[in-house]
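Reader: Hi! Could you walk me through this one? I have a few quick questions.
Author: Happy to, let's have a look together.

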Amino acid sequence: MSKQTLSFQAEVKQILHLVTHSLYSNKEIFLRELVSNASDACDKLRFEALNHAELYGDAPNLEVRVAFDAEAKTITITDNGIGLSEFEAVANLGTIAKSGTREFMARLEGDQKKDANLIGQFGVGFYSGFIVADRITVESRRAGLKPEEGVRWVSEGAGEFEVETITRPERGTSVILHLREGEDEFLASWKLRSIIGKYSDHISLPILMRKEEWDSEAGKQKLTDEWAPVNKASALWTRAKNDITPEQYEEFYKQISYDTEAPLAYTHNRVEGRSEYTQLLYVPAKAPFDLWNRDKRGGVKLYVKRVFIMDDAEALMPVYLRFVKGVIDSADLPLNVSRELLQESRDVKAIREGSTKRVLSMLEGLADSEDAAEREKYAKFWKDFGVVLKEGIGEDHANQERLAKLLRFASTHADEGVSLKDYLGRMKDGQEAIYYITADTLAAARSSPQLEIFRKKGIEVLLLADRVDEWMLAHLYEFDGKPLQSVAKGAVDLGKLQDEDEKKQAEQAAEAFKPVLEKLKEALKDRAKDVRVTTRLVDSPACLVVEEGDMSGHLARLLKQAGQEAPKGMPILEVNAEHALVKRLDGSAHFDDLAHILFDQALLAEGGQVEDPAAYVRRVNALLAA
Ligand code: ADP
Ligand code: MG
């Protein structure tokens, strides 16, 4: 086939523009990205060769070579991995829209150092070559194709690229960077070695460079024809803990996660017994941009006996721990394991259970630490990842109790950070339940009328306002033998917390109020299931509650927002017989208006919407004018 000129896909053009115009302050990352691609290509070959050993041909040792030519001003990164067919070169290096492009653009902060680190995370790393090169040539042949089926791809990183068929005797890819004017600093062995050492030391295959020797005639170093590894090429997790420094753990984390910040915590263990594996797992310090996405695959890479099998092996971690990053290296799984097989494997189940426990221990270690700085780390973790951890309460029954201990809440007693254990420690004599309220926002929860009696008696109530809370509470019935009880469901029964006098007084008030109550029920019969006198209110005239098994108003609103049909159950109106407004009902000429206003205000107070705002306004005005 003759030479063909093609246009980059629109989003790729944007990336290119950005790379060349705004990432020049952290140039060296181009090498990390290209070495990482070379290493990925070798991993892919190794994986395909599991079932097609012939792909190795006569070059079974996978490696990456980094070379430079000071005269031609080029740097060449060569691998003998899977290679690219002509079709793949066109698609993968130019015409397929990069899925991460939009997120990448959206996340740029203008801080070049941080931005440059993001580039690999979003699958656009190849283009970082254009930070230092004004032309890139890629020559490649896919494993399994004939030498005449090689491809050359050339671009100056503007709008277009060229492809042509070439003959390439060896399998794999060479990426040749033609350096821009002024980028000569990269044409030095020590410079390239130091960048590789910094970013790519943990790549588990050898990265080779030509050895140098002293040329006494010229009075300087000169390159020899002998290639030698410049990285340790030992997968970090296979080394003994004692031989790994905290900095190395941290650097490895940054490499696999593309995070710029150090991890919050990590755990590294070799597990032996029924199932044998090594795990190196990290908890990030900050939530990723797509933490909410439950479909996103996990961040754990699967290796089998040091052979890379797959990224994001979601079967290795429960969904609610999808933020965990790291590596699991199994000694038992077959090398040709597929995602489908993973889902069913008993070994994988054992690994998942073991790893889940490890992550929970790591979090408990922070949460229960003697060291205030560690506990502070847990508080930070909770702020970012708490909502996701809450999913675990419903998903992971085996670990529910451990998870419940890790939960943190806002309450009427503290703005944040209240654990269920803290709550138990503050329970009043005779208190039998853990009280909570859910609302659309924390502010709404905090000022909810249902809390009044609890406030008055100094009883703590947990305040919940995350979307996931209702779901979580549907699975968490009790903690340490104490039931969790919504203060907005059912009648308030403070049990032993109420003294006999108070009870008697309440009964008498209810008795005296009975005739008015009957009229109220009649007036509101289309809106309220029942109307009753309550002791839960102190300052407010009325509030809405639902029956024990019914859906709360808050959850019904959440469902509605999510476009789902919520059951049309009616709430119960509870009134405070001691309140001035309620007292006015008796004998009032505006009884009907007052009744509806009481109901509508109770609805507004819990964050609901009045069904007929115009009617509400009319009624209020009628009363004001009366
Ligand atoms: P990512 O590595 O996240 O997929 P890149 O922009 O770094 O994104 O690379 C884009 C694609 O180009 C890769 O997915 C791969 O298909 C192809 N590619 C890049 N470098 C190589 C290489 N050395 N060998 C084979 N394919 C490569
Ligand atoms: Mg890449």
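Reader: Is Lys-73 buried, partly exposed or exposed?
Author: Lys-73 counts as partly exposed, at 35% relative accessibility. Buried means under 20% relative accessible area, exposed over 50%, and partly exposed in between, with a 1.4 Å probe and protein chains only. This is a predicted model, where local features need pLDDT of at least 70 and side-chain atom pairs count only at pLDDT 80 or more, while totals for chains, interfaces and linings use all residues. Residues are numbered from 1 along each chain as its sequence is written, chains are lettered from A and ligands numbered from 1 in the order in which they are written, and side-chain values use heavy atoms, with hydrogens and water left out.

Reader: Where does Lys-73 lie?
Author: In the loop between β2 (64-69) and β3 (74-79); strands are DSSP runs of E with at least two residues, helices are runs of H or I with at least four, and both are numbered from the N terminus. Phi of Lys-73 is near 55 degrees, a positive value in a residue other than glycine. Most residues other than glycine have a negative phi.

Reader: And what is phi for Asp-480?
Author: Near 50 degrees, again positive in a residue other than glycine. Asp-480 is found in the loop between β18 (478-479) and β19 (482-486), and Asp-480 is exposed, with a relative accessible area of 62%.

Reader: Changing topic, how is the chain divided?
Author: Into domain 1 (3-232), domain 2 (237-377), domain 3 (409-495) and domain 4 (499-549 + 567-625). The bounds come from an automatic or database domain assignment. Taken over C-alpha atoms, the centres of domain 1 and domain 4 are separated by 72 Å.

Reader: Which residues have the most contacts inside the largest nonpolar core?
Author: Leu-302, Phe-323 and Leu-389, in a core of 76 residues. A nonpolar core is a set of buried Ala, Val, Leu, Ile, Met, Phe, Trp, Tyr and Cys residues joined through side-chain atoms within 4.5 Å. Domain 2 (237-377) and domain 3 (409-495) both give residues to this core, so it lies between them.

Reader: What about a second core?
Author: A separate one of 57 residues includes Val-12, Phe-68, Tyr-127 and Phe-130.

Reader: Last one: is Gly-150 buried or exposed?
Author: Gly-150 is buried, with a relative accessible area of 0%. Gly-150 lies in strand β5 (residues 150-155). The C-alpha atoms of Gly-150 and Pro-169 are separated by 8.5 Å, with the two residues 19 apart along the chain.
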